[in-house]
Amino acid sequence: MATYTMKEAKPAPSGSKGIIFWLKTNLFSDVRNSLLSLVGLYLIYLTIPPLLNWMIFDATWSGTQDEVVNSGARWIFIIEKFDQFIYGFYPEHLHWRPNLVAMLCVAFLIALKVLKNNKSKIVLMLLFPFVCFILISGGWFGLETVETEKWGGLMLTILVAAVGIIASFPIGIVLALGRQSDMPILRTLCIGFIEFVRGVPLITILFMASVVLPLFFHDGIEFDKLLRALIGITLFQAAYIAEVVRGGLQAIPKGQYEASEALGLSYWQGMILIILPQALKISIPNLVGSFISLFKDTTLVLIIGLFDILAMVTLTNSDTNWLGYEVEGYVFVTLIYWVCCFTMSQYSKSIERKFNTEH
Amino acid sequence: MKVTKLALLVGLTAAIPSLSHADTLQDVMEKDVLNCGVSTGIPGFSAADSKGVWKGIDVDMCRSVASAVLGDASKVKYIPLTAKERFTALQSGEIDLLARSSTWTATRDTSLGLNFAGVNYYDGQGFLISKKLGVTSAKELDGATFCIQAGTTSELNLTDYFKSNGMEYKAVTYDTSGQTIDGFKKGRCDAVTSDASQLYGLKLKMDDPNTVMVLPEIISKEPLGPVVRQGDDNWFNVVRWSLFAALEAEELGVTSSNAEAMMKSENPSIKRLLGTTGNAGENLGLKSDWAYQIVKQVGNYSEMFDKNVGKDSPLNIDRGLNKLWNQGGLMYAMPIR
């Protein structure tokens, strides 16, 4: 009886692995590719080394303005103004409060992943925004009040985006459901709202909120400017969410709707238990796309005099002692935006994986 | 049809509340804080330093009024406003005083329901040139290349100025002010033109500020001043005389450091200014030491100017038109008596 003997694994044929092989197949497979690769490499050579030199090797990281000798980035500006970029005008001795909120946010996200009990999750979700709000604005439990005029920087950017995202989500779902409703008045109202809001740019809504609305209030009634902007952004975002969710709803086969009715579920039961979970799941990529674009849109609040992180760069650049540091400021903000948006898209991927029920 | 339109009109009119705020002075005293509209960052005029403290010549206007009315220069709430929303914020009562480098023009003064209380800075369009041109006056700029932002008033003024002087210029046109400056920085043109107060800021942004200079000529009028709501004459008086008090103090040589000693001065003008005689304060509805508080806490006009935009600041703007009337400038305070 012939016995099978394991053969020694042989190394791959020479020239079919390793860096040289990879280069050969991917970059220099024929004359045209080789040329393109060479041009590409030349472009990299032209841009990357000067960029690295500017950002790192020739940069100034410490000392005062008079001591700057290097030709690269003067990061001392960022270091000097760092607190303002992050907290705006928030009083220095109270910086621990936004810091605490940031840590709570991380804890909150972890808790949502770890907790299995849905009820405790919902309680947590309802409670969390209030805790954050009280911590930031103060005025309760002996915390010093900080007026919204003092909120600014990255803190404000994240806050505006977070409020916009969280508050617009339920409103958007309701609008999407209303748009598909059989009730004519409700449907017309929802369509009217969605189409009206989508027909005007965010900047218009912000201007309305900051410039026109106050003229209609009576003397003495002061409506916080940030609150006005937040309401405007939320309504704006809700219209877009509604359309994204509608896309998801329409992708659900009719059989699912009929099945939920056949089971004797009421409209809301059917929606909450059967339709929405499926519809929202397939909407996740689009939802996140729209959230990321909202995050970047929040910077428009600078045109109504709120100091988000980008407005903070402009403001810090008008300090007569620190003129001419725009480039450093903008590069810094670019990095922050990239980190935030990239984190959001990665987080959405992890959610997608979690809800992936396909086999 | 007509009835519906009428009803609509009546409804709209009713919805717009009266825009008058009867007694701002009283309001400010009750709130114990002055809501002052400033810019979102104009170097030397209103900008925040690294500690988040607002500084600038416009900010000092706010501080002066707060010292006069509340006796404390720090009782100001700064409300940063963009150029577009500044006048609405004042009309709607969100702010009590607008000190945001706003040019006093007929249209603004007459059609917006606002009043300019005075001029705290005489600005105007000037030229920033590269020194290698070797000229010292705008009149010698014939044939020079300008970096210009398309469609601005500066462009119109420049064309007018060159035409009326029988000179010509070559233009390199850009879309934004940032690009315009960049063009100048890179040597695409010999000169840029903008409001003089801005040019000194731009100068500092050059890689080597010593290679450029601001020419002495000013070719347009841009009087900048504090603005209040129309129809509240008391408040208007308070703001106007707060500005005059700072100017008068400079003229009389009263400074923040010698104000206390000056209280004992025998000079009748100083006595009236500082409130040891006369009833200027009382007539304004303020305490008798209102002007003393301004000078003591904020300083006289030259102190404000030098510290924020003048020789003690990095901007180092020449006082030019902003000198006192008896030193060749336009700053003239009405006498306090």
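A nonpolar core is here a set of buried Ala, Val, Leu, Ile, Met, Phe, Trp, Tyr and Cys residues joined through C-beta atoms within 7 Å. A residue is buried if 20 or more other C-beta atoms lie within 10 Å of its own, exposed if 12 or fewer, and partly exposed in between, with C-beta atoms placed from the backbone. The model is predicted: local features need pLDDT of at least 70 and side-chain atom pairs count only at pLDDT 80 or more, while totals for chains, interfaces and linings use all residues. Residues are numbered from 1 along each chain as its sequence is written, and chains are lettered from A and ligands numbered from 1 in the order in which they are written.

The largest nonpolar core has 160 residues. Those with the most contacts inside this core are Leu34(B), Cys36(B), Cys62(B), Val65(B) and Leu97(B). Helices (H or I, at least four residues) and strands (E, at least two) are DSSP runs, numbered from the N terminus. By element, the largest share of the core comes from helix H6 of chain A (residues 153-179), with 13 residues. In general, nonpolar side chains tend to be buried together in soluble globular proteins.

Contact between two residues means that their C-beta atoms, placed from the backbone, lie within 7 Å. Leaving aside residues up to four places away in sequence, Cys62(B) touches Leu34(B), Cys36(B), Val38(B), Val76(B), Leu97(B) and Ala99(B).

Domain bounds come from an automatic or database domain assignment. For chain B, this assignment gives domain 1 (13-123 + 222-325) and domain 2 (125-214). Their C-alpha centres lie 32 Å apart. To the contact between them, domain 1 of chain B gives 10 residues and domain 2 of chain B gives six. For chain A, the assignment gives domain 1 (23-57) and domain 2 (77-90 + 146-355), with 39 Å between their centres, taken over C-alpha atoms.

Between the chains, 25 residues of chain A are in contact with 30 residues of chain B. On the side of chain A, helix H3 (76-87), helix H8 (202-216) and helix H12 (309-316) are the elements that give two or more residues. H8(A) gives the most, with five residues. For residue classes, Ala, Val, Leu, Ile, Met, Phe, Trp, Tyr, Cys and Pro count as nonpolar, Asp, Glu, Lys and Arg as charged, and the others, Gly among them, as polar. By these classes, the side of chain A that touches chain B has 11 nonpolar, nine polar and five charged residues.

In chain B, strand S8 (residues 125-130) is largely enclosed by the rest of the structure, because five of its six residues are buried. Two strands pair if DSSP finds at least two bridges between them. S8(B) is joined by five bridges to strand S11 (residues 191-195) of chain B, antiparallel, and by three bridges to strand S12 (residues 212-214) of chain B, also antiparallel. Leu128(B) stands opposite Val192(B) in S11(B) and opposite Val214(B) in S12(B).

Two backbone angles remain. Most residues other than glycine have a negative phi. Asp32(B) has a positive phi, near 60 degrees, and lies in the loop between helix H2 (24-31) and strand S1 (34-38) of chain B. Asp32(B) counts as exposed because it has 11 C-beta neighbours inside 10 Å. Asn316(B) also has a positive phi, near 55 degrees, and its place is in the segment after helix H14 (301-308) of chain B. With 17 other C-beta atoms within 10 Å, Asn316(B) is partly exposed.
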